[in-house]
Amino acid sequence: MEPSLPTVEALLAISDKMSEFHDGFHVLSSSLEIQLISQYFSPPIKGLTFPSKDRVVGGRYAAALFGSTLAGVVATGVISTSYGIAVFVGGAEIFVAAPNEIGF
């Protein structure tokens with residue numbers, strides 16, 4: 001399922017570094033409608049695999065990775081100008097795109 005154009009436009013607007021809402025996690029429903037913006041959470045730490053040392057990741061990456069294991073969570077993702085986009089399902093990174101692949 002692809003997010004609707006209003007969802008994409010809203011996420012692009014609030015994710016801009018100049019937006020007061022850019023930091024934190026934005027929560028979408030299973031129909032990809034925005035439910036919450038700029039949320040913070042600290043999911044339980046699991047014994048999961050992180051990327052090799054050639055990809056430096058931080059706390060937001062770890063929160064998204066661990067958060068993808070929570071009951072009721074379909075998927076999580078994180079985007080950074082330093083490591084690009086990563087999407088997680090069930091504690092596994094299922095998609096990654098380097099910054100140069102997405103125009104950063």
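Which strand gives the most to the lining of the largest pocket? The legends below, which describe close-up views of a predicted model, begin with that pocket.

**View 1. The largest pocket and its lining.** Strand 3 gives the most to the lining of the largest pocket, contributing five residues. The space in this pocket comes to about 1,700 Å³, and among the 42 residues that line the pocket, Leu11, His26, Gly77, Val78 and Ile79 are the closest to its centre. At least two lining residues come from each of helix 1 (5-15), strand 1, strand 2 (34-39), helix 2, strand 3, strand 4 and strand 5. Sorted by residue class, the lining of the largest pocket holds 25 nonpolar, 13 polar and four charged residues.

View 2. Three strands, in the order 3-4-5, make up an open sheet whose pairing is antiparallel. Strand 3 (76-80) and strand 5 (92-97) each have a single partner strand and stand at the edges, so one side of each is left without a neighbour in the sheet. From one strand to the next, the twist averages 15 degrees.

**View 3. Strand 3 and strand 4.** Strand 3 and strand 4 (residues 84-89) run antiparallel and are joined by five bridges, and the hairpin that joins strand 3 to strand 4 passes through three residues. Within this pairing, Ile79 stands opposite Ile85 of strand 4.

**View 4. Strand 4 and strand 5, with Ala97.** Five bridges connect strand 4 and strand 5, which pair in the antiparallel sense, and Val87 stands opposite Phe95 in strand 5. The hairpin formed by strand 4 and strand 5 has two residues between the strands, and in its turn Gly90 has a positive phi of about 55 degrees. Is Ala97 buried or exposed? Ala97, which has its place in strand 5, counts as buried because its relative accessibility is 4%, and the cut-off for that term is under 20% relative accessible area. Between the C-alpha atoms of Ala97 and Val27, which are 70 residues apart along the chain, the separation is 21 Å.

**View 5. Helix 2 against the sheet.** Helix 2 (residues 59-67) packs on the sheet and touches strand 3, strand 4 and strand 5, while its direction makes about 165 degrees with that of strand 3. Why is helix 2 described as largely enclosed by the rest of the structure? Seven of its nine residues are buried, so helix 2 is largely enclosed; the buried residues are Tyr61, Ala62, Ala63, Ala64, Leu65, Phe66 and Gly67. The packing partners of these buried residues are strand 1 (25-28), strand 3, strand 4 and strand 5.

View 6. Phe50 is found in the loop between strand 2 and helix 2, and because its relative accessibility is 36%, Phe50 counts as partly exposed. Leaving aside residues up to four places away in sequence, Phe50 touches Val57, Tyr61, Ala62, Leu65 and Phe66; of these, Tyr61, Ala62, Leu65 and Phe66 are buried residues of helix 2. Phe50 and Ser82, which are 32 residues apart in sequence, lie 16 Å apart in space from C-alpha to C-alpha.

**View 7. The hairpin of strand 1 and strand 2.** Strand 1 and strand 2 pair in the antiparallel sense over three bridges, and in this pairing Leu28 stands opposite Ile34 in strand 2. Five residues lie between the two strands of this hairpin. Leu32, placed in the loop between strand 1 and strand 2, has a positive phi of about 65 degrees although it is not a glycine. Leu32 is buried, because its relative accessible area is 19% and the term covers values under 20%. Ser38, which is found in strand 2, is a residue other than glycine that has a positive phi, near 50 degrees.

Terms used
Residues are numbered from 1 along each chain as its sequence is written. This is a predicted model: local features need pLDDT of at least 70, side-chain atom pairs count only at pLDDT 80 or more; totals for chains, interfaces and linings use all residues. Side-chain values use heavy atoms; hydrogens and water are left out. Two strands pair if DSSP finds at least two bridges between them. Helices (H or I, at least four residues) and strands (E, at least two) are DSSP runs, numbered from the N terminus. Axes are lines fitted to C-alpha atoms, for helices over the stretch in contact, and angles run from 0 to 180 degrees between N-to-C directions. Contact means heavy atoms within 4.5 Å. Buried means under 20% relative accessible area, exposed over 50%, partly exposed in between (1.4 Å probe, protein chains only). On a 1 Å grid over the protein atoms alone, a cavity is a set of points where a 1.4 Å probe fits but cannot get out, and a pocket is an open set with protein on both sides within 12 Å along at least five of seven lines; lining residues have an atom within 4 Å of a point. Grid points are joined across faces, edges and corners, and a volume is the space filled by probe spheres set on the points. Ala, Val, Leu, Ile, Met, Phe, Trp, Tyr, Cys and Pro count as nonpolar, Asp, Glu, Lys and Arg as charged, and the others, Gly among them, as polar.
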